[in-house]
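This report goes with the sequence and the model shown here, and it is meant to be read slowly, with the structure open beside it.

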Amino acid sequence: MANLNIDSAKERTFDAIVIGSGISGGWAAKELTDKGLKVIMLERGRDVKHIKDYPTTNMYPWEFKHRGQIPQDIQDANPVVSRCYAFREDAQHFFVKDQEHPYVQTKPFDWIRGYQVGGKSLLWARQTQRWSNFDFEGPARDGFAVDWPIRYNDIAPWYSHVEKFAGISGNKDGLAELPDGEFLPGFPLNAVEDYFSKHVKGHYKNRYVISARCAHLSKPNQIHIDQGRVQCQNRNLCQRGCPFGGYFSSNASTIPWALKSGNLTLRPFSVVESIIYDDKKGEATGVRIVDTNTKQTEEYYAKIIFVNAACLNTNLILLNSKSSRFPNGLGNDSGVLGKYVAFHNYSAHIGAEVEGFEEWATDGRNPAGGGYIPRFRNVFKQETDFLRGYACGLGAYRGYKHENDGFGESFKAGLASKDYGPWYVGSHMMGETIPKASNFVALDSAKKDAWGMPLLNISVDYDDNDQKMQKDYVEQLTEMFTSAGFKNIKAETNHQAPGLDIHEMGGVRMGNDPKTSMLNKWNQLHACKNVFVTDGSSMTSTSCQNPSLTYMALTARAVDNAVSELKKGNI
Amino acid sequence: MDRRSAIRNLALVMGSAAILPYCTPGKPTAHYTHFDVNLDQQNLVAELAETIIPKTTSPGARDLELDKFVWLMLDDCTKKEDRDAFFKGMGEFSDLVTKSYNKTFSECTKDEKHTILNTFEKKPKPSQKNIDSSDDKYSKELKGFYGNVHWLTVFGYTESKYFMTKEIVWELVPGRYNAYFPVKNLKAAKNG
């Protein structure tokens, strides 16, 4: 590892600093180094090298001592992360344990984190949908948050740019509300999903069930081979890290690419304490870190700084970057820093039994997970008693039939039966939430972590709009399932806290007006032009698409502008 | 008095017996993080597991050491209150067997073992004898004990290397997704 003990300021000076190595930080490093800049990437956690540091990736189920289950003492000590579906024996080493990194929940918030090189890009659900103009125009049309400073046409080329490199599988569905992208072949719908898709199309206006679009190499192109990645092998063990590079992660894709350029220095174990602002120069000059091993403070300097620490930690760093010019946090003239945090409403799901289709099953595994229903509520105009809407995951499956109850010889033989049981179908909601000033994060006034950083105090909650949307999801999906002839339909709502969706966004929102937003249309701090924020914290609104693809596109777009401005001497 | 009535009477007093020491005192023969177990307890769980997944032409619970898996999961992956309930239920189970047959579960015949297990099945087979499976007859700890041994045994079996390589083959690298897979193909392949 480079430069653990650098003593000269010159050796700690780079063209650009990237804070964070997750999905957006990886893109910042890749784009900046592609353009010839010397970059240091600061990651608070340990290094995770592609393949080498995926210790469980080739393990069989019986090789896990508890067959995947997390021991009870770990669950008891870490209730928040234990609620995450992917926190299992095979991937637990990629998750932050509650005990290790505490935070303050003024209101219940399940903050799911991955503190390592690659961040949560190792663990994400890999669903990738573009936003449309209906999404970017949402706040202005419906009168909430502030107007997005960009529209679909501003970001569309950058969606294409990142999709080609990351590798996105999907079909050209031709839907205005979910624009097509640069797709590798989509993963097909199975017999029941396909039936439901056709049924919905025939019975509902503007409702569609499409193949889920995901960041998997269904059929790699040369650009993916050049990254050292090969075709997705349908393992669906992605959360362990993929030895094939079958799905997109910083570890498999952007970081090794940037390292190969020779322009990237990667510094793990570096908690960014603050961004250094120089009052005289009127710009940020670098960042101050704490080395988590030595507890020593160090400074790194650069002309431009990309903040990609993941939504809430980016808020934390900016809030903690206080100077005489910015006593309330870097760039926070407006007072909106930390406010208008939003998330995705995953508070309901539905399941049913399906009669028929007995002649069909599936073979192998579908990394896309099945189908996706783009938002159909309030797309073209306001039509319900709540704002915005929800997308739906949709999947059908059938397994071998066996009895769970019983004992003895015939019971044992039955467990190995290869006769198929019935089909089941299920869906979950992914709802847009409305950013509000009252949903915010702030520095805790008293408590600090092991590195002397104030703890983050999180105060985020659902509202009436979310409740109405949940109700509508249950009603609409129940009706659609009933109409399709599905049986024994059971809708369930849950009371999961915000955060468990792992789609927290906002706090450093983009906007046209410096009085009401933190970032301009280039993800540049209005008040500190050489600092760029391109992770989830920059989101003005949340729409209901899985957000990572948009972070990637915003990042590549912001880098292009930043380097161009740098070359012009404007920053 | 016929046997059935005798058992019913015995079951009635069991509620009051529950507060009495319920484990056969015996020297610990295995040590876990949260508890020790004695030979009787080890034998009981091993025999129960073997009754649920018996050795046939293929390995059974003993061959696959599923009893050890039950103890491991009880130790590592079970809440304290559920663990405590497990031991209470295990004591009640042993007592019920002793009072019904005047011997330990291990000493029971296959038929007797099946009669006992059928008592605690969620869907007892009407064709099969049981002690008395009317609702509320047994404590939730007793039913929970059997339920836990059952699911952990079955879980351990279906996630064992044997099962996942010889019975229903689990693939580490499928390398394919066929969304429309004709069931008749599978049947032909398995029978062919």
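The sections below move from the contact between the chains to the cores, the sheet, the helices and a few single residues.

## How to read the model

This is a predicted model, in which local features need pLDDT of at least 70 and side-chain atom pairs count only at pLDDT 80 or more, whereas totals for chains, interfaces and linings use all residues. Residues are numbered from 1 along each chain as its sequence is written, while chains are lettered from A and ligands numbered from 1 in the order in which they are written.

## Where the chains meet

Two residues are in contact if their C-beta atoms, placed from the backbone, lie within 7 Å, and by this rule 37 residues of chain A are in contact with 39 residues of chain B. On the chain A side, the elements that give two or more residues are strand S14 (360-364) and helix H11 (409-415); here helices (H or I, at least four residues) and strands (E, at least two) are DSSP runs, numbered from the N terminus. The largest share of this side, five residues, comes from S14(A). By class, the side of chain A that touches chain B divides into 15 nonpolar, 12 polar and 10 charged residues, where Ala, Val, Leu, Ile, Met, Phe, Trp, Tyr, Cys and Pro count as nonpolar, Asp, Glu, Lys and Arg as charged, and the others, Gly among them, as polar.

S14(A) also pairs with strand S3 (residues 177-182) of chain B, in the antiparallel sense and over four bridges; two strands pair if DSSP finds at least two bridges between them. Within this pairing, A:Gly364 has B:Tyr177 as its bridge partner in S3(B).

## Chain B

Chain B has eight helices and three strands, which follow the pattern α-β-β-α-α-α-α-α-α-β-α along the sequence. Of its 192 residues, 30% count as buried; a residue is buried if 20 or more other C-beta atoms lie within 10 Å of its own, exposed if 12 or fewer, and partly exposed in between, with C-beta atoms placed from the backbone.

## The nonpolar cores

A nonpolar core is a set of buried Ala, Val, Leu, Ile, Met, Phe, Trp, Tyr and Cys residues joined through C-beta atoms within 7 Å. The largest one has 161 residues, and those with the most contacts inside it include A:Val18, A:Val39 and A:Val162. Helix H13 (residues 548-568) of chain A gives the most to this core, with 10 residues. Not counting residues up to four places away in sequence, A:Val18 touches several residues, among them A:Leu32, A:Val39 and A:Phe306. Another core, of 36 residues, lies apart from the largest one, and B:Leu44 and B:Phe93 are among its members.

In chain A, an open sheet of three strands has the order S3-S19-S18, with mixed pairing. Its edge strands, S3 (104-105) and S18 (440-448), each pair on one side only. S3(A) and strand S19 (residues 454-459) of chain A run parallel and are joined by two bridges, with A:Gln105 standing opposite A:Ile458.

H10(A) packs on this sheet, touching S18 and S19 of chain A, and its direction makes about 65° with that of S18(A); axes are lines fitted to C-alpha atoms, for helices over the stretch in contact, and angles run from 0 to 180 degrees between N-to-C directions. Helix H10 (residues 311-320) of chain A is mostly covered, since nine of its 10 residues are buried, including A:Cys311, A:Asn313 and A:Leu316.

## Two crossing helices

The axes of helix H6 (residues 152-166) of chain A and H13(A) come within 8 Å and cross at roughly 110°. These two helices, H6(A) and H13(A), are therefore roughly perpendicular to each other, a term for angles of 65 to 115 degrees. Their contact has 10 nonpolar, one polar and one charged residues; among them are A:Trp158 and A:Val162 in H6(A), and A:Met552 and A:Arg557 in H13(A).

## Single residues to look up

A:Arg388 has a positive phi, near 65°, although it is a residue other than glycine. A:Arg388 lies in the loop between strand S15 (371-373) and strand S16 (390-400) of chain A, and it is buried, with 27 other C-beta atoms within 10 Å. A:Asn488, also not a glycine, has a positive phi of about 50°; A:Asn488 is found in strand S20 (residues 487-493) of chain A and counts as exposed, with 12 C-beta neighbours inside 10 Å.

Note on methods. Parallel < 35°, antiparallel > 145°, perpendicular 65-115°, else oblique.
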